[in-house]
Amino acid sequence: MSEQPRPSRTAAVIPAAGRGVRLGPGAPKALRALGGTPMLIHAVRAMAASRHVSLVVVVAPPAGAAEVRHLLDEHALPERTDFLVVPGGDTRQESVKRGLDALPDTVSTVLVHDAARPLVPVDTVDAVIEAVRDGAPAVVPALPLADTVKEVEPGAPGAPEPVLSTPVRARLRAVQTPQGFDRATLLRAHEQVAVDGEGATDDAGMVEQLGEPVVVVPGHEEAFKVTRPLDLVLAEAVLARRRANDGF
């Protein structure tokens, strides 16, 4: 008698172990308040808003796992979604790998989402998941660029830098998260792709180094990354508009 196949699940891993120095001194970036609620909670809710996501793994600062667990406990989160907190590593790549290692065997589709993108709409999350389930090993949401981009030879801060080339803008995209993956492919990328320095900033780039295809689905203008103080002002404005329109 053959075994019944295990049900397929989708999980989201949110690396939130960085300090976010460009936002200035204070709490780690993921714990900064947005509309009175930590950005991390907004990001967790954004993942859990998808009916496909049954587990969210938050990778916390190594010494802040207890604080993050307390945050999750004191904020209302969807009951249909399970939540798990694990301590992160020294680099983003190490933190994502620790999140992957915490996933149960039943998870076959994995999202990796920046805690600093707290306002990604659920339609974008669902589009990424559906593309992975349709057979793509790696999927990224992205937007066309509005600005012309120049490749330069990096110089000293503030000094003039010579232009090397001007890429064709129509072929360029600004990548967002969540990025979605077939679990086996993402695990293989983390096991086989060595990244120097601070580790990988883009999991899809690691999959590219394996020679596996990566596809793009439309991103959303509200899925921007909160990195600098002005980004936080914009995020507050977007959240205020949502609350005025949706009444939450």
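Helices (H or I, at least four residues) and strands (E, at least two) are DSSP runs, numbered from the N terminus. By this assignment, E79 is found in the loop between α2 and β5 (82-87). This is a predicted model, in which local features need pLDDT of at least 70 and side-chain atom pairs count only at pLDDT 80 or more, while totals for chains, interfaces and linings use all residues. Residues are numbered from 1 along each chain as its sequence is written, and side-chain values use heavy atoms, with hydrogens and water left out.

**Confidence**

- The average pLDDT of the chain (the predictor's confidence in each residue, from 0 to 100) is 90, and 90% of the residues score at least 70.
- Residues 1-5 have a pLDDT below 50, and this stretch has zero contacts in the model beyond near neighbours in sequence; contact means heavy atoms within 4.5 Å.

**Nonpolar cores**

- A nonpolar core is a set of buried Ala, Val, Leu, Ile, Met, Phe, Trp, Tyr and Cys residues joined through side-chain atoms within 4.5 Å. Buried means under 20% relative accessible area, exposed over 50%, and partly exposed in between (1.4 Å probe, protein chains only).
- The largest nonpolar core has 33 residues, and those with the most contacts inside it are I14, L40, V44, M47, V56, V58 and L111.
- Two or more residues of this core come from each of β1 (9-15), α1 (39-48), β4 (53-60), α2 (65-74) and α4 (122-133). The most is given by α1, with six residues.
- Not counting residues up to four places away in sequence, I14 touches L40, A43, V44, M47, V56, V57, V58, V59, H113, D114 and A115.
- Another core, of 22 residues, lies apart from the largest one; V86, L103, L186 and V207 are among its members.

**H42 in helix α1**

- H42 has its place in helix α1 and is buried, with a relative accessible area of 10%.
- Its side chain reaches the backbone oxygen of L34 at 2.8 Å, a polar contact (a pair of N or O atoms within 3.5 Å; within protein, one must be able to donate a hydrogen and the other to accept it, and residues adjacent in sequence count only if both atoms are side-chain atoms).
- Leaving aside residues up to four places away in sequence, H42 touches L34, T37, P118, L239 and R243.

**Salt bridges**

- Side chains of opposite charge can pair when their charged atoms come close. A salt bridge is counted where a side-chain nitrogen of Lys or Arg lies within 4 Å of a carboxyl oxygen of Asp or Glu.
- A search of the whole structure finds nine salt bridges.
- One of them joins D203 and R92, with the closest N and O atoms 2.8 Å apart. D203 lies in helix α6 (residues 203-209) and R92 in helix α3 (residues 92-101), so the pair ties together parts that are 111 residues apart in sequence.
- D203 is buried at a relative accessible area of 2%, whereas R92 is partly exposed at 21%.
- R92, D114, R117 and D203 are linked in a network of salt bridges.
- K97 forms a salt bridge with D101, the closest N and O atoms being 2.8 Å apart. These two residues are separated by about one helical turn, because they are four residues apart in helix α3. K97 counts as partly exposed, at 22% relative accessibility.
- R188 and E212 also meet through their side chains in a salt bridge (2.7 Å, N to O). This pair links distant parts of the chain, 24 residues apart: R188 in helix α5 (residues 183-192) and E212 in the loop between α6 and β12 (215-218).
- R188 is partly exposed, with a relative accessible area of 28%, and E212 is partly exposed at 26%.

**The two sides of α5**

- R183, T185, L186, A189 and H190 are buried in α5. They cover an arc of only 165° around the axis, so they lie on the same side of α5; the arc is that of the directions from the helix axis to the C-beta atoms.
- A184, E191 and Q192 are exposed on the other side of α5.
- The buried residues of α5 pack against α3, β6 (107-112), β11 and α6.

**Loop features**

- T177 and P178 are joined by a cis peptide bond, with omega about 10°. P178 has its place in the loop between β10 (173-175) and β11 (179-182).
- E79 is exposed, with a relative accessible area of 82%. E79 and A48 are 31 residues apart in sequence and 9.3 Å apart in space, C-alpha to C-alpha.
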